[in-house]
Amino acid sequence: MPESAFDHEQAIEACARQDEHALQRLYREESPRMLSLLIGMLGQREQAEDCLHDAFVQIWQNAGRYRREVGSGRAWLYSIVRYRALNELRRRGRWAGTDDGAVDQLIDGLPGVPEQLEQRDENRRLVSCLRKVDDDRRRPILLAFYRGLTHAQISSRLSIPLGTIKGRIRAGLRALQECLQA
């Protein structure tokens with residue numbers, strides 16, 4: 001099934017009705033991109049695979065909590081994956097993969113994510129809007145949302161005062177939101 005025709009919401013709702021085939025379809029559709037995201041966040045394939053497994057268990061167990069009116073099914077899935085990765089990073093007590101080159105790569109897409117991900121309209125718009133955000137605001141946003149760093153860790157990493165980091169993230173998110181709504 002082509003990516004644009006896949007109905008994530010319908011598949012999640014079917015999982016809530018204990019339809020195992022729906023979970024298999026979700027896994028086939030999203031696991032390659034999710035795994036790429038997790039490898040980028042965790043830095044190790046084996047841990048990324050474990051995290052992906054845990055995320056799909058959580059998706060299966062919590063599918064009944066998904067609500068279409070709150071957001072897209074795909075966003076709901078990726079929020080679970082990101083949450084699992086951040087928990088793993090916190091559990092380890094360290095934050096992998098935060099070199100400047102990796103942060104710059106996030107602007108063009110996560111390392112290893114197939115090009116078809118950027119072909120989706122929402123992703124192209126997000127990438128386009130991220131490019132419009134000044135680098136001094138974009139970099140802390142990417143470190144926070146894609147690498148899972150806290151504001152204090154970003155401040156330390158970039159050698160910029162904590163208050164300045166918080167302000168840049170707030171201003172950058174505001175600019176990003178305005179761009180996406182335009």
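Predicted model: local features only at pLDDT ≥ 70, side-chain atom pairs only at ≥ 80, totals over all residues.
Helix α2 covers residues 20-42, 23 residues in total. Its end C-alpha atoms are only 28 Å apart, whereas a straight helix would reach 33 Å at 1.5 Å a residue. A kink of about 50° is found at E30 in α2. Just after α2, G43 adopts a positive phi of about 80°.

Two aromatic pairs were counted in the model. One of them joins Y27 and F56 in an edge-to-face arrangement. The centres are 5.0 Å apart, with 65° between the planes. Y27 belongs to helix α2 and F56 to helix α3 (residues 45-62), so the pair ties together parts that are 29 residues apart in sequence. F56 is buried, at 7% relative accessible area. Y27 counts as partly exposed, because its relative accessibility is 41%.

The largest nonpolar core holds 31 residues. Within this core, L26, I59 and L77 touch the most other members. Helices α1 (8-16), α2, α3 and α4 (73-92) each give two or more residues to this core. The largest share, nine residues, comes from α2. Leaving aside residues up to four places away in sequence, L77 touches H8, I12, L26, E30, M34 and I59. Another core, of eight residues, lies apart from the largest one. Its members include L149, I160, I165 and I169.

Note on methods
Residues numbered from 1 in each chain as written. Heavy atoms only, no water. Helix = DSSP H or I, 4+ residues; strand = E, 2+ residues; numbered from the N terminus. Expected span 1.5 Å × (residues − 1). Bend = angle between axes of the 7 residues up to and from the residue. Phe/Tyr/Trp six-rings, centres within 6.5 Å; stacked < 30°, edge-to-face > 60°. Buried < 20%, exposed > 50% of the residue type's maximum accessible area, 1.4 Å probe, protein only. Core = buried A, V, L, I, M, F, W, Y, C linked by side-chain atoms within 4.5 Å. Contact = heavy atoms within 4.5 Å.
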